[in-house]
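Let's take a look at the aromatic rings here and how they pair up.

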Amino acid sequence: MKTLAASKLGKDDLIATYRLIKLGRRLDERLWQLNRIGKVAFHISGQGSEVAQAAMIKAFNTKRDYFLPYYRDMTAAMGWGVTAEQIMAGSLGKAADPSSHGRQMPNHYGSVAHRIVSFGSTVTTQYLLATGVAYAALLDHKDYVTLVTTGEGSTAQGDFHEALNIASIKKLPVVFAIENNGYAISTPNREEFAVKQLAERGKAYNMPAEAVDGHDFTATYQAFAKAVSRAEKGKGPTLIEVMVDRLTGHSSDDNQNVYRSKEEMAALKENDNVPLFEKQLSEEKILTPAEIANIDAEIKEMVNQATQAAEKLPAPAAETLLDHVYA
Amino acid sequence: MKTIELKMPQLGESVTEGVLTSWLVKAGDEIAQYDPVAEVENDKVVTEIPASEGGTVKELLVQENETVPVDAPIMTLTVAGEATEAAAKPAPQAPEKVTEETPATVTQSNEPEKPKPEPAAGQPRFSPAVLSLAQAHDIDLNHLTGTGKHQRITRKDVQRAIEQKAAAPTTEASKPAPTKPAKPAAPKPAAKSADDSQAVPASNIRKTIARNMLQSVHEIPQAWTMIEVDVTNLAALRNQNKAAFKADAGFSLSYFPFFVKAVAQSLKRHQRLNSSWQDNQIIHHDDINLGIAVATDDALYVPVIKHADRLSIAGIAHEINRLATSVREGKLTAADMSGGTFTVNNTGSFGSVASMGIINYPQAAILQVETIRREVAVTKDNQIGIRQKVNLCLTLDHRLLDGLAAGHFLNDLKQILENYQVDTEIY
Amino acid sequence: MTEHTYLEALNLAMHEEFARDPGVVVFGEDVGGDKGGVFGATKGLAAAFGDQRVFNSPLGESGIAGLAIGLGLMGHHAIAEFQFADYILPAVNQIMSEAARMRYRTAGDWTAPIVFRTPYGGGVHGGFYHSQTTDKVFAGQPGLRIVTPSTVYDAKGLLKAAIRSEDPVLFYEHKRLYRSLKADIPDEDYVVPLDKAQVLQQGDDITVMAYGTMLQHALNAAKALQAEDISTEVVDLRTLYPLDQETILAAAKKTGKVLLISEDTKEASIINNVAAIIAEQALFDLDAPVQQLAGPLAPGMSYALEDEFLVSAEQVQAAMRELAQF
């Protein structure tokens, strides 16, 4: 693991990153609770990839760039500007939900104000949409870079191939990220693809590609920073496979105990990216354990406030059902 | 302080119940909001259930390892705050539910531009089904009152009119009558006319009868004939059986069943009279279904004795009684009034000695059985004696019948009636 | 006014819209360079507007659709060409799940104002995969519009309107009309609405509604039947989804005798939807059962038996005469 200092990010940046990581974890836990109480119909979790998501988005100019996320990217979406209350509004189906105004299932993060593009549930379509968004930058002589993410299971779709092919042909300023957490719901990597690392596929498109450990903040950040720099210089797309964990079931509807062993789960818990990051913070004396505990208390309060505020928001009015079908 | 219920949440799409595998709290425990209170297992997940609010556990409502339906209370919790209606409300619907359920009420109006079917203003509009049915049964739609929206005439309205028509009386001697068990609407108060006579608006049923009569008279060239029959033996036969029959059946044996039976027998030999004229074709009916007139105070019905040829005299008597009772009690069914192939009218019951029936369209003929009267007559052996006589009047459709065929039928009928003996089996 | 073919009218429409709006782009298989598409619809565009706006895509239809939708998200009125309507099927997910849903699923925050152009229809010895009319696959996807020009005038005006529209539009072009249909059309700029059918000919005995080559059959038969004193109202359905209920109902009620024609297999076809509208809302004005003349229940269409599959001009005329006599 590289040190946090090696990222060459300032102390304030690293503390802000920690706050984002912790918010990602605590908000996710709250959404599970709300699901188990019956207030949120569905939740799909990003626990195990918070550090990777925070490192990834840290490499982008979130005030300039476009982001096409997938459903585990809650931490990334908040890093891009969406607030905890807005995420909560989405899960509770409130009109103020910036991703769909209560129309999509939870976890389909988006926000036009933050240049986070809406995505659907038939996975990997966003990879192709990203080529269009990136091509528009060339047509319009804009300098934004486009980030698109997906789970490793989705790389089996034809759209994955078509997107990489088009992006490479057109040298598009786009960064393709794969968050490989080992499972497509219950199907393990070995039943999903026959290559060792999905990053090997970059070669097939003459596209730089690498696999990084998502627990390693600095390595992940640097990989994406390099990709963004390539895109900015007109050198075209990059493929990055980030190795992450999935600490929970696939979703609130899934019982992973039936396909994962207790030993496997215990090992994952040992390797939980959030405490690992906290350990780095204190070892590198960026934050003391007491400061970390204080931040955690603050974050918990933030989550409580976001929950309360979002619960008070109105649901979309019934008469809006027919709005926005056509222009 | 107030008490709230914690309920079994819906954990997973399509899940309807869960097993509460263990309690993590007990009565009296102080718990914070979101603290886990129980472990639950269902088809999809194994999970802890958190408390929706903090407070003191009051009571656990289910046992460990009990299966609990979604939304059923599992425990009560004493929490801070006023007991309000809102606090007792169940958790808000999950968003997925909202998208599934809200549209159901709204979708019904999801085509705002769709032009509404125009109300039938001015000229009534008839559906193809109504028009074709009306045409097939010659129903004048202008005289029907629709029961549909905006008084549209429905197919059922036409079907009703057809039933009424089938049951309509067909003799001029008959009284005005509704042809349906339901009583006709009371006539509106009569309007006084200039000459002090009263104009009473005709009911729809009366109008239907009028049309049926007109149709019969307009379309059918009707011929009329009458024969005289000696029914002295028939009367003796009836007298012979009268008392026993009454004791057995509970109602009196009248003359009419003897005539009906004879008509059925004669029709069997003269199929031409059991026919109808349709589109230049003569339709012979295999079944002999005899319509009979049954009068009430204000109406007259023509129920049908099905397969009259297969019934004995007593059987016919029973069937007549059943139909008459049904008429009185308003229990006559559409089936009772449909399918007639020939009509026999008991005009003698009110003293008529000769009458001309109007054919019950589209049948071939109608027979009137007049009053039986005693006459001084010359008998076969040239003796003078008192004989009982009756006139039988036949109106026939001259398109399919002529005098000869009618004569053969009537002669056979006369033979049958005169050949009744005092020991003829009526059962 | 200048005489143009249907294909030239489409090409003109794109030239004019490219000049009007620098954001318009077109791409697809063999669309760019000097070739300008396998039918030549985009000929000259690359030379005039450069290969960044007019280019060949790799041979992958989902990619063509996804790229277009991404451009649409960024405000580009992109035109994506699918070489044949048969080849659109690999792109169904992108078109239905993304293009058709985008506006609604974001309550208007994101939109996909793009045109999917594609040649359709049989009669060119194209066998199963160069002859189909796949419009029915998409009819029933709210958010999407399906239109098809059947006249030279509409080829230009309807395409220009589709390019300018803020909705995703599936634009079906009948490949048999490309060069066979010629007419004088205005040289000046005009557009044709994307939600209106058109009465091409007034009549009071029967009403015929169709599009594509079937509409040409109907127009020819209507002319021939004038000699028999049969007066035909001819409607170009033109906007196939959502359908123009107002024009359809007015034309149906006018004569009460309606013949709908499709070269596609009848089941679940566009004309089925038209028949349903008439059945629901024009019952009392009907003077005959609604007639549907369409392809048989067999995949469209056998290479060797194409003529047997397709509804012929003679069948159209006979059906019209029979309806008039009903």
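## A buried tyrosine pair in chain C

Tyr120(C) has a relative accessible area of 1%, so it is buried (under 20% relative accessible area, 1.4 Å probe, protein chains only). Tyr172(C) is buried too, at 0%. This is a predicted model, where local features need pLDDT of at least 70, side-chain atom pairs count only at pLDDT 80 or more, and totals for chains, interfaces and linings use all residues. Residues are numbered from 1 along each chain as its sequence is written, chains are lettered from A and ligands numbered from 1 in the order in which they are written, and side-chain values use heavy atoms, leaving out hydrogens and water.

Tyr120(C) and Tyr172(C) pair up edge-to-face, with 5.7 Å between centres and 70° between planes. Rings of Phe, Tyr and Trp (its six-membered ring) pair if their centres lie within 6.5 Å; planes under 30 degrees apart are stacked, over 60 edge-to-face, and the rest tilted. Tyr120(C) belongs to strand 5 (residues 115-120) and Tyr172(C) to strand 7 (residues 169-174) of chain C, so the pair ties together parts 52 residues apart in sequence. Strands here are DSSP runs (E, at least two residues), and helices are too (H or I, at least four), numbered from the N terminus.

The structure holds 27 aromatic pairs over all chains. Take Phe60(A) and Trp80(A): centres 5.7 Å apart and planes at 45°, so that pair is tilted. Both Phe60(A) and Trp80(A) are buried.

Over in chain C, ring pairs join Tyr6(C), Phe39(C), Phe84(C), Tyr87(C) and Tyr178(C) into a cluster.

## Charges over rings

Arg103(A) has its charged end over the ring of Tyr104(C), 3.8 Å from the ring centre (the cut-offs: NZ of Lys or CZ of Arg within 6 Å of the ring centre and within 35 degrees of the ring normal). The charged end of Arg145(C) sits over the ring of Tyr326(A), 4.4 Å from its centre.

Key
Buried means under 20% relative accessible area, exposed over 50%, partly exposed in between (1.4 Å probe, protein chains only).
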